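Trainee: Could you take me through the salt bridges of this model, one part at a time? I would like a close look at how the charged side chains pair up.

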Amino acid sequence: MLRSLVGSEMCIRDRYLSGTTLPPNLKFTSCVKQAAEGAEIIVFAIPTQFLRPFLVDHRATFPVGIPMVQSAKGIELETLKTPFEIMQDELPGKYGKFLAVLAGPSFAKEMANGLVTNVCIAAPDLSLIHI
């Protein structure tokens with residue numbers, strides 16, 4: 001169930017997703033705590049260079065015991081770490097077994113339009129691959 005999303009605009013202004021209608025149950029908020037409250041899953045789609053500071057600033061607001069899925073690509077310039085490795089660094093211990101990665105060659109436009117697409121989930125804990 002999609003509860004909330006951190007953001008500020010209700011319309012999509014993107015050359016790849018223009019004209020896409022957002023689901024009526026999608027709620028926007030600029031408050032990370034409010035977005036995470038009651039969530040069944042958290043998907044991180046944060047550019048790699050901003051992921052570490054975001055996790056450091058907000059890790060206390062994330063609920064424990066739900067999948068935390070990384071969907072961004074890239075390498076952190078300073079450390080040469082992947083987004084998943086950054087998550088492992090900054091969300092150790094109680095969050096560690098709930099970390100996963102979502103990857104797919106092209107899924108944003110297809111998913112936004114309700115079309116079939118191909119994605120995969122990878123996680124150290126195999127129970128997460130069925131999310």
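Mentor: Happy to, and let me start with the surface. The protein chain exposes about 8,500 Å², of which carbon and sulfur atoms supply 60%; such accessible areas come from the Shrake-Rupley method with a 1.4 Å probe, and for residues only the protein chains shown count as cover. Please keep in mind that this is a predicted model, in which local features need pLDDT of at least 70, side-chain atom pairs count only at pLDDT 80 or more, and totals for chains, interfaces and linings use all residues. Residues are numbered from 1 along each chain as its sequence is written, and side-chain values use heavy atoms, with hydrogens and water left out.

Of the 131 residues in the protein chain, 28% count as buried (buried is under 20% relative accessible area, exposed over 50%, partly exposed in between, with a 1.4 Å probe and protein chains only). The chain has four helices and six strands, in the order β-β-α-β-α-β-α-β-α-β from the N terminus; these are DSSP runs numbered from the N terminus, helices being H or I with at least four residues and strands E with at least two.

Now to your charged side chains. Side chains of opposite charge can pair when their charged atoms come close. The structure holds six salt bridges, each defined as a side-chain nitrogen of Lys or Arg within 4 Å of a carboxyl oxygen of Asp or Glu.

E90, like R52, is buried.

Elsewhere, the side chains of D125 and K97 form a salt bridge at 4.0 Å, N to O. D125 belongs to the segment after β6 (120-122) and K97 to the loop between α3 and β5 (99-103), 28 residues apart. D125 is partly exposed, with a relative accessible area of 22%. Finally, salt bridges that share partners join R52, R59, E76, K81, D89 and E90 into one network.
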